[in-house]
Amino acid sequence: ADAKNNQNVECFDPALNQWTAVAPFPGKLGEHFYTGSIGQDIYVVSPKFLYRYNTTTDLWHQLSKLTTRLCINDVWAHAGKLYCINESMTSMFVYNPETDSWYKEDVLDLPRAKYSQLVSYQGRLRAVLLPKHADRR
């Protein structure tokens with residue numbers, strides 16, 4: 001997306017090794033947004049909106065935004081759903097594209113972490129943590 005007006009969007013095609021303009025983003029992206037892809041769709045998520053870009057039709061669709069206040073740390077696509085988690089990994093909300101709805105997912109009792117990420121690996125969503133008091137050598 002173009003940082004100047006936050007609406008121009010380009011897509012990179014590795015087969016052609018080139019960038020191509022696609023349909024402009026229908027709103028203002030702002031500074032804090034996250035992306036995930038499911039099938040042919042790319043989702044753009046922020047605390048204020050949720051959009052789906054269909055790569056086949058080159059169209060954007062506004063979807064149901066997350067109504068619970070959540071400081072999103074990142075978004076992961078896994079098993080056909082989008083997972084949004086806060087920085088401390090204590091709250092997670094899941095978006096189901098089939099029902100255009102969000103629900104709260106239980107988070108395992110994870111140890112306090114200085115840094116954390118989720119990753120979809122071998123069909124499972126896994127947490128990667130650097131413990132709060134780990135010695136980084």
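## Strand pattern

Read from start to end, the chain of this predicted model follows the pattern β-β-β-β-β-β-β-β-β-β-β-β. In total there are 12 strands and zero helices.

The chain has 137 residues, of which 32% count as buried. Among contacts with a separation of 6 or more, 29% are between residues 24 or more positions apart.

Strands of a sheet pair through backbone hydrogen bonds, and the pairing can be parallel or antiparallel. In this model, four strands form an open sheet in the order E7-E8-E9-E10, with antiparallel pairing. Its edge strands are E7 (72-78) and E10, each of which pairs on one side only. Direction ignored, neighbouring strands of this sheet are turned by 25 degrees against each other on average.

The pairings can be followed across the sheet. E7 and E8 are joined by six bridges, and Asp74 stands opposite Ile85 in E8. Strand E8 (residues 81-86) then pairs with E9 over four bridges; here the bridge partner of Tyr83 is Val94 in E9. Five bridges join E9 to strand E10 (residues 101-105), and in this pairing Phe93 has Lys104 in E10 as its bridge partner.

E9 and E10 also form a hairpin, with four residues between the two strands. In the turn, Asp100 has a positive phi of about 50 degrees.

## Strand E9: buried on both faces

How many of the five residues of strand E9 (residues 92-96) are buried? Five of the five are, so the strand is largely enclosed by the rest of the structure.

The cover is found on both faces of E9. Met92, Val94 and Asn96 are buried on one side, and Phe93 and Tyr95 are buried on the other.

## Lys104 in strand E10

Lys104 is found in strand E10. Is Lys104 buried or exposed? A residue counts as exposed when its relative accessible area is over 50%. Lys104 has 52% relative accessibility, so it counts as exposed. Its bridge partner Phe93, by contrast, is buried.

Lys104 and Phe93 are 11 residues apart in sequence, while their C-alpha atoms are 4.5 Å apart in space. Leaving aside neighbours within four places in sequence, Lys104 is in contact with Ser91, Met92 and Phe93.

In soluble globular proteins, nonpolar side chains tend to be buried together. The largest nonpolar core of this chain has 15 residues, and the members that touch the most others are Val45, Leu50, Leu82 and Trp102. At least two residues of this core come from each of strand E3 (34-38), strand E4 (41-45), E7, E8 and E9. There is also a second, separate core of nine residues, which includes Leu29, Tyr51, Tyr53 and Trp60.

What is Trp102 in contact with, leaving aside its neighbours within four places in sequence? The list consists of Val45, Leu50, Ser64, Lys65, Leu66, Cys84, Phe93, Val94 and Tyr95. Val45 and Leu50 are, like Trp102, among the core members that touch the most others. Phe93, Val94 and Tyr95 are among the buried residues of E9.

How values were computed. Residues numbered from 1 in each chain as written. Predicted model: local features only at pLDDT ≥ 70, side-chain atom pairs only at ≥ 80, totals over all residues. Heavy atoms only, no water. Buried < 20%, exposed > 50% of the residue type's maximum accessible area, 1.4 Å probe, protein only. Pairing = 2+ DSSP bridges. Contact = heavy atoms within 4.5 Å. Axes fitted to C-alpha atoms, helices over the stretch in contact; angles between N-to-C directions. Core = buried A, V, L, I, M, F, W, Y, C linked by side-chain atoms within 4.5 Å.
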